[in-house]
Amino acid sequence: MRERVVAAAAAAEEGGVAQAMVLVEQFRGVNPVDPWVRLLDAKNLTARRLFGSAEALLRAIETPAEVSPESQNEWRYVWLYRWAKLWDMRGEREAAEAAYRELTEVEAAQAGGWIFLGAWLARNGRLEEAEAAHRRATSLAGDVDEAYLNLGLVLRAQGRLEEAAGALERALELCAEYPEASVALADVRAAIALRREHQA
């Protein structure tokens, strides 16, 4: 049955909202109290824009007894991410930002929370704060290549093309097969060339 949970998670990530819904229903029929499946259910409810139901479910599973003490930190991180996404999709900026900021504290030595916060700040037009968050993420453990990609995108948005190119090049040094970084770097390099041609 655990493979169904994996399949439901994959379906949810790939936009298969209906498939994820059915798979979660099937699994909950077998084990209705599994907090990880209920968390996946909350994610699916959020994707379906059933925000009230998603919020109620997330509140109910914020600190489940079924999660072992050694998994509490992981649970809190994943739960907070879902909580932040709920408020983000609802357009509740203050609540979303608070959740993303708390996420940076749960796994303080990891880049992930700062990457999520930085991406949220960038989506909300707060580019200088987003830059600071992504710079912080580049100094931590985890998905540093993604931190450099996002830093490059934020610098590009600010028109700081040479700095953006440097960040994107670093992302590609860390992960050579990174299509988003390759496309963004090609764009930035072309823009730098256009600028130079105009100045010549």
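All views show a predicted model.

View 1. In soluble globular proteins, nonpolar side chains tend to be buried together.

View 2. Leaving aside neighbours within four places in sequence, W83 is in contact with E55, L58, R59 and A99. R82, which also has its place in helix α5, is buried, with a relative accessible area of 13%. Not counting residues up to four places away in sequence, R82 touches L39, K43 and L58.

**View 3. Aromatic pairs.** The count of aromatic pairs comes to five. The rings of W83 and W87 have their centres 5.3 Å apart and their planes at 85 degrees, so this pair is edge-to-face. Both residues lie in helix α5, four residues apart, which is about one turn of the helix, and W83 and W87 are both buried. The pair formed by Y100 and W120 is tilted, with 6.2 Å centre to centre and 35 degrees between the planes. Because Y100 lies in helix α6 and W120 in helix α7, this pair ties together parts that are 20 residues apart in sequence; Y100 and W120 are both buried. Ring pairs also link W79, W83 and W87 into a cluster.

**View 4. The buried face of helix α8.** Helix α8 has twelve residues and reaches 16 Å from its first C-alpha to its last, close to the 16 Å expected at 1.5 Å a residue. Its buried residues are A130, E131, A133, H134, A137 and T138. Seen down the axis of α8, the buried residues fall within an arc of 165 degrees, so they line one face of the helix. What covers these buried residues includes α7 and α9.

**View 5. Salt bridges involving helix α8.** The structure holds 16 salt bridges, including one between R160 and E131, whose closest N and O atoms are 2.7 Å apart. Because R160 lies in the loop between α9 and α10 (161-174) and E131 in helix α8, the pair ties together parts that are 29 residues apart in sequence. R160 is partly exposed at 25% relative accessibility, whereas E131 is buried, with a relative accessible area of 11%. The side chains of E163 and R135 meet in a salt bridge of 3.6 Å, N to O, and this pair links distant parts of the chain, with E163 in helix α10 and R135 in helix α8, 28 residues apart. E163 is partly exposed, with a relative accessible area of 38%, and R135 is partly exposed at 37% relative accessibility.

**View 6. A network of salt bridges.** E97, R101, R126 and E129 are linked in a network of salt bridges. Within it, E129 pairs with R126 in a salt bridge, the closest N and O atoms being 2.8 Å apart. E129 is partly exposed, with a relative accessible area of 35%, and R126 is partly exposed, with a relative accessible area of 26%.

Methods. Residues are numbered from 1 along each chain as its sequence is written. This is a predicted model: local features need pLDDT of at least 70, side-chain atom pairs count only at pLDDT 80 or more; totals for chains, interfaces and linings use all residues. Side-chain values use heavy atoms; hydrogens and water are left out. Contact means heavy atoms within 4.5 Å. Rings of Phe, Tyr and Trp (its six-membered ring) pair if their centres lie within 6.5 Å; planes under 30 degrees apart count as stacked, over 60 as edge-to-face and the rest as tilted. Helices (H or I, at least four residues) and strands (E, at least two) are DSSP runs, numbered from the N terminus. Buried means under 20% relative accessible area, exposed over 50%, partly exposed in between (1.4 Å probe, protein chains only). The expected span of a helix is 1.5 Å times one less than its number of residues. The arc is that of the directions from the helix axis to the C-beta atoms. A salt bridge is a side-chain nitrogen of Lys or Arg within 4 Å of a carboxyl oxygen of Asp or Glu.
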